[in-house]
Amino acid sequence: MSLLDSIRSRLGAPREPIPDDIEGALVRAVATRLGVEPDQVDPTLALADLGVDSTGAMDLTSQLEDRLGVQLTPTFFYRHPTLREAARALREMTGGDR
Amino acid sequence: MNVDIDWTPEQRVYRERFLAFGREVVQPGGLTRDQTGAFDADLWRAVGESGLLGITTPTEFGGDGKGVLEFAAAMEGFAEGGLDASIVFSVLVQVAMVIEPLLQVGTPAQKARWLPVLASGQRKAAFAVTEPHGGSDVFEARTTLRIGNDDELLLSGSKWSVTDAPYADMAIVLGRVEGLGASGLSMFLVDLAGPTVEREGPFDLMGCRAAPTGALRFTNHPVDPEHGVLGKLGDGVPLTRLAFNMERLLAANVGVGFLQAVLDHAVTNLSRNESFGRPLQSYQYVQGRFVEIRKHLEFHRLLTRRALWLAHTKQRFNLEASLAKLSGAQALHDAALHAVLLLGNRGYRRDLFPFERLCRDAVGLMIAGGSEEVQKMAIWAELHGENRS
Ligand SMILES: Cc1cc2nc3c(=O)[nH]c(=O)nc-3n(C[C@H](O)[C@H](O)[C@H](O)COP(=O)(O)OP(=O)(O)OC[C@H]3O[C@@H](n4cnc5c(N)ncnc54)[C@H](O)[C@@H]3O)c2cc1C
């Protein structure tokens, strides 16, 4: 695919509605990634301490962007290391008070 | 244990060939180039013609088709013979940061367009990630690609402190895509011709003065809509890491050549001196400085060869490359300073010896390709099991 076409398809990808419980959605995404139950994922721990490496954090960042239609920087989880902090930042970004 | 860290006979031939080239072609003009602080196009042409830039490029694109060890052996000789960190920097940018990523992830069309002219030195490449607002936080790039009204791709933004930017013909540029966030961060292959690229520089540097850095300002600069991205859209992070890892590995490697030269020159020149009726080298405090230089050389060579071996055998070498770059820059600085002090007032003179220049150049190695702190962060991340990309 040409560069122009890949940009077009990335820009045109459908977005899901922003979930009410962003923290819960993040916890579930990480649980799926790690192959554990959601209640085993502590949202107050840093991603690295949960066992998600920086490549995993990048994947998660891209996944969030695609699904929520927000624009994040690659260092999003470096700036907001725990899922709770990340959820708060995302809530502010998407303008919701959820 | 089965350990042999020496070069093979074929690699030794590369080393000797570029040691001689360094002595004959590079070393004589080093002082003048340092003083004028300008890129020497004639020297670059000679380096291109020597075949150094194409050692790892496949023969179908005009190179030698060899591996990283042959290039490293050649660069060790080139550094030792030439004693000029500037031209070494220019070569490392071209080969480690541009040709290597192209070899690893370039498409056939990209390789066909760029490899022949880069491997022969006909075109000078730059690697542009740093921006004026800060280089350590490299993934916060603000340079942005957007789709224009006629479906053209247009790049805007500023890159800064980029080696050879004032003269480069092409660059790999880290940037984002308008409308996409982290998932759009990419490496763009950019032809630097045309009025939509403004250049600033050469910047007046402390060291590595003949490979001056400068700025590139893009204002709606066209990027090839077909072949303008290296790897995939969104591969900015892994490709930046790939290039930095190669740079760290190969920059550490040239340190071995420089350290060997510092030791040899210091020994040769000091043996002529006497004080209090005895040769200087008979004094233990003086001997101690030689021991320090030798210690740096041996430690650094061992660590670097291990990192090279890991790279050659396709194992992960990030940790070793960062360690070797971090300790190598410091070792080179300390060893060159020992050499300055060993030779007293003569060692302090620029016109007599290259040691004070190497001290300054070594500081450049402590910043370029990731500052000491950033190297330590990378090393910690490796120890901590992060960055497993
Ligand atoms: C000779 C030379 C050649 C270069 N060539 C190129 C090139 O070809 N292409 C290119 O893109 N760039 C190039 N650079 C730029 C280089 O990559 C950057 O200078 C480097 O990454 C540091 O960025 P900065 O200078 O903006 O410093 P900053 O990022 O502003 O950092 C300033 C200081 O703060 C420290 N610091 C920053 N963040 C942290 C942290 N989180 N924790 C602890 N300490 C921190 C840094 O270590 C440094 O000591 C070159 C630089 C030099 C000196």
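1. The model is predicted, with local features requiring pLDDT of at least 70 and side-chain atom pairs counting only at pLDDT 80 or more, while totals for chains, interfaces and linings use all residues. Residues are numbered from 1 along each chain as its sequence is written, and side-chain values use heavy atoms, with hydrogens and water left out.

2. Helix H12 of chain B, residues 372-383, has twelve residues and reaches 16 Å from its first C-alpha to its last, close to the 16 Å expected at 1.5 Å a residue; helices here are DSSP runs of H or I with at least four residues, numbered from the N terminus, and the expected span is 1.5 Å times one less than the number of residues.

3. Buried (under 20% relative accessible area, 1.4 Å probe, protein chains only) applies in H12(B) to Val374(B), Gln375(B), Ala378(B), Ile379(B), Ala381(B) and Glu382(B). Seen down the helix axis, these residues fall within an arc of 160°, so they line one face of H12(B), the arc being that of the directions from the axis to the C-beta atoms.

4. The buried residues of H12(B) pack against helices H7 (236-270) and H9 (318-342) of chain B, where contact means heavy atoms within 4.5 Å. On the other side of H12(B), Glu373(B), Trp380(B) and Leu383(B) are exposed, that is, over 50%.

5. Cys208(B) is in no disulfide, and the nearest cysteine sulfur, that of Cys359(B), is 12 Å away. Cys208(B) counts as buried at 5% relative accessibility, and Cys359(B) counts as buried at 9%.

Definitions and conventions. Chains are lettered from A and ligands numbered from 1 in the order in which they are written. Helices (H or I, at least four residues) and strands (E, at least two) are DSSP runs, numbered from the N terminus. A disulfide is a pair of cysteine sulfur atoms within 2.5 Å.
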